[in-house]
Structures are given as structure tokens and as C-alpha cells.
Amino acid sequence: MERLTDQFLSQRIYYPEKILQFGTGVLLRGLIDYFVHQANTQGIFQGSIVVVKSTPGSVDDFQQQNNLFTHLLKGIQDGELKEETILNTSINRVLTAAEDWAAILATAQSPDLEIIISNTTEVGIQYVEEAVLEGIPESFPAKLIAWLYKRYQHFAGDYAKGVVIIPTELLVDNGDKLKEIVLRLADFHALDPAFMQWIQEANYFCNSLVDRIVPGTPKPEKLTALWEELGYKDELLISSELYALWAIQVNDFAQSKLSFASAHPGVILDQNIADYRERKLRILNGTHTLTVCLAYLSGLHTVYEAMQDPTIAQFVADLALSEICPVVPVSDPSTTEPFAREVLDRFRNPSIRHYLLDITLQSTTKMRMRNVPNILRYFEKFGQVPERMAQGMAAYLLFEKSVKVENNHYFGQRGTEFYVIRDDFASYFYEKWQSLQVFSPENIQSWVGDILANVQLWGENLSQLPGFGERIGYYLHQFIHQGIPKNL
């Protein structure tokens with residue numbers, strides 16, 4: 001079977017490169033690149049994307065398909081299952097940081113390029129003291145400041161050549177955090193004060209929020225079947241739900257550059273996106289993070305399967321509606337329950353195979369960012385233990401239990417299966433589990449309390465929350481000795 005046909009390639013329209021995108025992941029392709037494609041199709045934006053791949057791996061699939069990829073959209077809309085297939089033409093080039101760094105920096109000299117977008121996971125926006133003007137920087141903020149400095153130099157500090165920078169990592173105030181790190185790096189390297197002023201005054205870092213379920217690449221057998229239906233082979237094929245949201249906090253300068261926003265109602269430009277962020281981060285993402293380990297250890301594989309399991313489905317509904325919704329800090333609390341019910345419907349979408357293991361990526365960081373505030377607010381408001389949150393935390397701690405280490409990869413075990421624990425804190429939990437030799441209720445309670453007291457891990461001493469550690473310990477003891485019960 002051929003790849004994307006010559007007919008598709010010949011129909012392609014090439015637009016100036018207006019966006020530099022750090023990340024090749026399915027979320028960026030299924031949401032941001034989707035919006036750009038829609039705008040180009042409507043003749044609104046007329047710009048293409050240069051993608052930077054910073055992680056190891058080949059970009060041959062992009063090059064062999066001339067950077068085209070198929071996007072399948074399925075979901076429930078107005079009570080009906082609807083489907084759409086598009087061939088996304090928004091990407092012009094895909095470059096690797098390891099091999100094409102000079103070409104990446106060269107894009108800074110383009111007057112057409114006006115927008116920078118990133119999705120490097122929550123871990124990607126971190127301050128790392130490293131060289132930024134020599135060699136290839138490792139961290140994303142260091143790469144960004146190297147690019148900005150090249151642009152500043154090329155255009156001699158022209159304020160008209162500033163860009164709009166939109167991180168989409170799931171961090172509260174992600175744009176503000178990225179700007180703070182970039183300025184800190186510039187100060188660390190004692191770069192020209194005029195350059196630092198140019199960063200602050202000529203460029204705009206947008207806080208933003210993304211929301212669309214875009215699972216990973218389909219399993220081989222499913223992928224082959226989809227190719228048969230399409231009539232061509234596409235190694236980059238992705239699928240997503242219909243629902244899409246990208247809320248971007250803007251000023252007048254940023255709004256003038258983001259013309260693609262008018263092509264789709266899912267792109268929201270606003271001076272304050274706090275409510276959009278809190279609803280999505282706390283309800284959708286928070287529910288995911290507290291549920292995924294419990295569902296996976298129950299023997300399930302996807303979010304849809306979890307929502308077909310009566311025990312897990314009830315857990316998810318109770319968690320979202322009874323424990324998270326009441327403590328989400330939004331200007332209008334009446335909006336949280338309708339949003340949560342919409343989220344539950346999205347989880348039940350039979351067309352989306354969102355694998356639980358994919359969601360466990362960086363679970364510890366996600367737990368801190370998404371759920372620790374929920375836990376604290378619940379205690380503040382109700383003065384008692386949120387039982388579903390305690391159960392979810394217990395399952396998360398059990399999921400983090402490594403049974404073997406190979407080539408610096410940590411593996412947990414579910415029945416006879418081994419799974420990779422993709423968490424920067426895997427080594428920490430490996431050592432903690434090694435220290436717990438006797439799984440008695442008393443030992444587990446003490447062990448849980450020690451972990452909850454780790455302020456470096458959580459930003460707070462969670463062991464001080466009355467009864468929280470005891471309930472987590474109770475459920476963890478139960479899960480260790482009896483497995484996940486059928487009736488939680």
C-alpha cells in the first residue's frame with residue numbers, strides 16, 4: 001500500500017512559515033495544528049508551521065509524507081455520533097534539535113515568523129543553568145532564549161520584530177512561568193540589558209490552556225484497518241474527539257498576530273482565562289490523574305473501558321461531581337457541574353482509545369499541579385477527608401511500586417505483565433518501596449505519612465491534613481493484599 005498519494009501532494013498549497021512549534025506530539029498536531037489547518041482552509045491565516053523535535057528519534061515519517069498527516073475526528077455532538085476526516089497540511093518542515101540546530105536558529109531571521117508554540121510536558125518548563133549561546137541547549141527555555149537572542153541580533157533590537165510565545169504545557173500561568181525562566185537565564189548569563197528589555201517589551205508570553213483528547217497512535221491492527229479504509233498508508237495518522245478548546249490570554253499585540261483564532265469557536269482569546277484553566281485543570285485533568293492508576297491496576301486499558309466498568313465509572317463520577325467540582329475556584333461555581341458532566345460524556349466516547357498508561361506519564365508532577373490544590377481546598381471547605389481522592393492517591397502510590405530496574409527504566413507489575421513507570425520520581429519511589437519490607441497496617445501508615453510530609457515533592461506538608469494519611473494507608477493496605485475491590 002502506498003503512502004499519501006501523489007494526488008494529495010499535488011494539491012498542497014505552501015504558505016510562509018509563521019509559527020515555530022516545539023514538539024511533534026499528538027496533542028499539538030491534533031489541536032494547535034488542527035486550528036491552523038482550519039484557518040488556512042478558510043483563507044484566514046495563510047501561514048505554515050516549522051516543527052522542532054527536541055527528543056531523540058527520527059523524523060523520517062514526516063519527510064516521507066511531505067509533512068502531511070491524516071486526522072480522524074469522532075465524537076458525540078447534539079446527541080449524535082459524528083465523524084470527520086481531514087488531511088492536515090499545516091506543517092511545512094520538521095527539524096531535529098540534534099541535527100538541525102543551525103536551521104532552527106536561522107528561522108529567527110525570518111520576518112514572517114511571528115508565533116512560537118510549545119508543548120514539552122509540565123517537566124519541560126524548568127530553570128536549568130546551562131549554556132544558551134554555545135552548542136545545543138538541552139532545556140526548552142534555553143533553546144527559546146538562544147532563538148530570541150539570534151532574532152534580537154539579526155533585527156538589531158527592532159521592537160517590531162517581537163513574537164507571540166504560547167506555551168501549552170499544563171501548568172498554571174505557563175506563559176508567566178516561561179517568561180520568568182527566560183529572563184532568569186538571560187540574567188544568569190549576563191546578557192545585554194537591552195536584550196532583556198526587548199524580551200519584556202517587544203514580545204508577549206501568553207498564558208494558555210488546551211483541551212482535547214488526542215490518544216496516541218492506534219494499535220498496529222487498528223492502524224492497518226484504518227489504512228485500508230483510507231486507501232493509503234499514513235504512519236502519522238492521529239485521531240481525536242470533536243471537542244476542542246484553546247484558551248489564550250492576550251493583549252492587543254498578541255491578538256493582532258493570532259488571526260487563525262477566528263476560524264474555529266474552540267479558540268478563545270481573552271484577557272483573563274482563569275476560569276477556563278481552573279475548570280479544565282482541576283476537573284478533567286485532576287480526575288484523569290486520580291483515576292488512571294486505579295483503573296489500570298484494575299486490569300483496564302483505556303478510558304472508555306474504565307467508563308464501562310461500573311465500579312470505576314462510579315468512582316470517576318463521585319470524584320468529579322462530589323469532591324472536585326465543589327472546590328474549583330471559578331467566578332461562577334454553577335459552571336463546574338455542567339462542565340464535569342460534559343467531561344464524563346467525553347470519557348464515554350466509544351471512538352476514542354485513550355490508553356491509561358499514556359496518561360500516567362509524569363504522574364507525580366501532574367498530581368502536585370492538578371490535585372494537591374483540590375485536596376487542600378477540600379479540607380479547607382469541608383474539614384474532612386475526601387475519600388475518593390484518598391483512594392486515587394493510594395492507587396497512584398501502588399502504581400509507582402517498581403519491581404525491577406533495567407537500563408535505568410523502572411518497571412511495575414500488574415498480574416503477570418510489566419509496565420514502564422515513566423515518571424521523573426520513579427527512582428525516589430523505588431527506594432521508598434525498597435524500605436517498606438513488611439506490609440503491615442502500621443508500617444504502611446508510617447510510610448505514607450513520610451511521603452506526604454515531603455514538601456519538596458508536593459509543595460506542602462500533606463501529612464498535616466487530619467486523617468488523610470491514615471485513609472490513604474488504609475486503602476493502600478487493602479489494595480496490596482486484596483487488589484482493587486469490585487465495590488470501592
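**Two residues and their surroundings**

Guide: Apart from neighbours within four places in sequence, L398 is in contact (heavy atoms within 4.5 Å) with L297, Y419, W433, L476, F479 and I480. This is a predicted model: local features need pLDDT of at least 70, side-chain atom pairs count only at pLDDT 80 or more, and totals for chains, interfaces and linings use all residues. Residues are numbered from 1 along each chain as its sequence is written, and side-chain values use heavy atoms, with hydrogens and water left out.

Visitor: Which helix holds L398?
Guide: Helix α17, residues 387–399. Helices here are DSSP runs (H or I, at least four residues), numbered from the N terminus.

Visitor: Why does L398 count as buried?
Guide: Because its relative accessibility is 15%. Buried means under 20% relative accessible area, with a 1.4 Å probe and protein chains only.

Visitor: How far apart are the C-alpha atoms of L398 and L476?
Guide: They are separated by 7.1 Å, while the two residues sit 78 apart along the chain.

Visitor: New topic. Where is D33?
Guide: In helix α2, residues 26–41. Of the 16 residues in α2, 13 are buried.

Visitor: What is the nearest side chain of opposite charge to D33?
Guide: R29, 5.8 Å away. D33 is buried but has no salt bridge. That would take a side-chain nitrogen of Lys or Arg within 4 Å of a carboxyl oxygen of Asp or Glu.

Visitor: What is centred on D33 in α2?
Guide: A kink of about 35°. The bend is the angle between axes fitted to the seven residues ending there and the seven starting there.

Terms used:
Helices (H or I, at least four residues) and strands (E, at least two) are DSSP runs, numbered from the N terminus. Buried means under 20% relative accessible area, exposed over 50%, partly exposed in between (1.4 Å probe, protein chains only). Lys and Arg count as positive and Asp and Glu as negative; His and the chain ends are not counted.
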